[in-house]
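The following paragraphs lead through a protein and its ligands, beginning with the surroundings of one ligand and ending with the overall fold. The sequence and the model are shown first.

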Amino acid sequence: MKYFLETFGCQMNKNDSELMELSMEAEGFNRTSVRDEADVVIVNTCSVREAAESKAFTHIREARGRRRKAFIVIAGCMAQRTAETHIKNGIADIAVGPYETPVVGRIVKQHLLNRKAGPMLHLTQERDQFAPRLTDGLVAMRKEDSWHRFVTITHGCENYCTYCIVPHVRGKLISFSSSEILDHIRKLADQGVLAVTLLGQNVNQYGQDNGEIPFHRLLEQAAQIQGLKRLSFLTSHPKDFNPELVRVIRDNPVISRGIHLPLQSGSDAILKKMNRKYTIAHYMQIIDSLKKELGSDCSITTDLIVGFPGETEEDYQATLDAVRNVGFNEAFTYAYSPREGTAACSFPDSVPDEVKSERLAGLVSLQREFVISRLREMIGSRQRVIIERRSSRNQNDFFGKTHNDISAIVRGNDMLPGTIADIIVTDVKGAALFGNAVTPDK
Ligand code: SAM
Ligand code: SF4
Ligand code: F3S
């Protein structure tokens, strides 16, 4: 039987989809890239903003409409939140929440063998039902971009930022065993993986649920693994980003100098309402220590939300000031999207949609100006780039990222994904550096 798998949402969801793929194949299903010829359609969904949910929902409904007999699985975060309704409406046949996505193959097979088999909602959040993630199947998986792999180190989140649905759908913080994580990375490196990104909703809280070593120790030990050329981590929370972590990054050159540190808002009043548990002054202290310890090499990226309930023009201006003061290399910017079940959903003083759109446009254009002027300062510098793929714009160019996570277009002879190239930056194109490959330094 053939299955079609589509994924929405963050890297952690994409990582879960790899586990789903392994699980389906272990049960004898073959993947197809043509949805309409699949016997089983699985949509791994995201709930973070309304737009993400409606997109996934449209895809599920279309799949049902085109092929009534296909067995339709709604999986992931939106399954956890709203699946009951979709099952009742007959839009999907079963729902599999984030705890059980890695065993989706077994669940689907049981249902196909006996269509009346057991419950249709597989949405447990019981710890003993949490399916293991760091499997050898994942190590052996070969992908086009196998020079780089994501390694999930925690699942869930208990921070309850008031706008965020993640704690409600992913459940409590679960830190995986440090020895299993390190062993998993060692196996990846042994088979040629050059770059690893550690993943968690707040990696800095690693170990706080089960007495494991703290995150900076895990990172330090991962940085010693032979064969790795780049080690990154996502996502950090400013309230838990400690000075030991800054020192570990400084002392281990293999750790990427691109740090993603979501600020969300530049206004203390809004940060408080968001339950972020830090102030802009604290955030700036972290930025100063990163710049001091890592030097001009370090680049900071962030997430920002505009139009949170009660956000005044002054609060918004404070976010613009933060963009000016920090000099982010990239900002992922969002208009606040109310999520039912979260605290902020019932906060008063919602910001009208047209104001949200105006503020978002203003923020995006300010950030763009800053990025271009920052990148221009890098013209003439030498940068090491790991090539990811051929450029989509020009077949003679290659796309990659610098050690501080800046996009770069490299002109050179045929370069396979994973090639390490040194460039002298000659220009800035869009939000990327441009340069010719030169003979790499040792
Ligand atoms: N755990 C990470 C953190 O704490 O920054 C990322 C969580 S979320 C998957 C990614 C980003 O989506 C957040 O940093 C936030 O900027 C944005 N986001 C989350 N909920 C949102 C909402 N209701 N409306 C708009 N943006 C939202
Ligand atoms: Fe959501 Fe906050 Fe947890 Fe990030 S830290 S996943 S924004 S609740
Ligand atoms: Fe990720 Fe979306 Fe779930 S951002 S954790 S897939 S709600």
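**Surroundings of the ligands**

Around ligand 1 there are 15 residues, of which Tyr 163, Gln 201, Gln 264, Asp 303 and Ser 337 come nearest; a residue is counted as near a molecule if one of its heavy atoms lies within 4 Å of it. The model is predicted, so local features need pLDDT of at least 70 and side-chain atom pairs count only at pLDDT 80 or more, whereas totals for chains, interfaces and linings use all residues. Residues are numbered from 1 along each chain as its sequence is written, chains are lettered from A and ligands numbered from 1 in the order in which they are written, and side-chain values use heavy atoms, with hydrogens and water left out.

A nitrogen atom of ligand 1 is 2.7 Å from a polar backbone atom of Gln 201, and a nitrogen atom of this ligand is 2.8 Å from a polar backbone atom of Ser 337. The side chain of Asp 303 places an N or O atom 2.6 Å from an oxygen atom of ligand 1. On its own, ligand 1 has 560 Å² of accessible area, and the protein covers 91% of this; such areas come from the Shrake-Rupley method with a 1.4 Å probe, and for residues only the protein chains shown count as cover. Strand E13 (299–306) and strand E14 (330–335) each supply at least two residues of the shell. Helices (H or I, at least four residues) and strands (E, at least two) are DSSP runs, numbered from the N terminus. The shell of ligand 1 divides into seven nonpolar, four polar and four charged residues, where Ala, Val, Leu, Ile, Met, Phe, Trp, Tyr, Cys and Pro count as nonpolar, Asp, Glu, Lys and Arg as charged, and the others, Gly among them, as polar.

**Loops and backbone**

Thr 162 lies in the loop between strand E8 (154–155) and helix H6 (166–170). Thr 162 counts as buried because its relative accessibility is 10%; buried means under 20% relative accessible area, exposed over 50%, and partly exposed in between (1.4 Å probe, protein chains only). The side chain of Thr 162 reaches the backbone oxygen of Lys 273 at 2.7 Å. Thr 162 also touches residues including Met 274, Phe 308 and Phe 347, a contact being heavy atoms within 4.5 Å.

Gln 264, which is not a glycine, has a positive phi of about 75° and sits in the loop between strand E12 (258–260) and helix H10 (268–273). Its relative accessible area of 6% makes Gln 264 buried. Lys 277 likewise has a positive phi, of about 65°, but is exposed at 59%. Leu 234 and Thr 235 are joined by a cis peptide bond with omega about -10°.

**The whole protein**

The protein has 13 helices and 19 strands. Its radius of gyration, taken over C-alpha atoms, is 22 Å, close to the 22 Å that the globule rule gives for 442 residues, so the protein is as compact as a globular protein of that length. The rule is 2.2 Å times the number of residues to the power 0.38. Of the 442 residues, 54% count as buried.

Methods. A polar contact is a pair of N or O atoms within 3.5 Å; within protein, one must be able to donate a hydrogen and the other to accept it, and residues adjacent in sequence count only if both atoms are side-chain atoms. Lists of a residue's contacts leave out its neighbours within four places in sequence.
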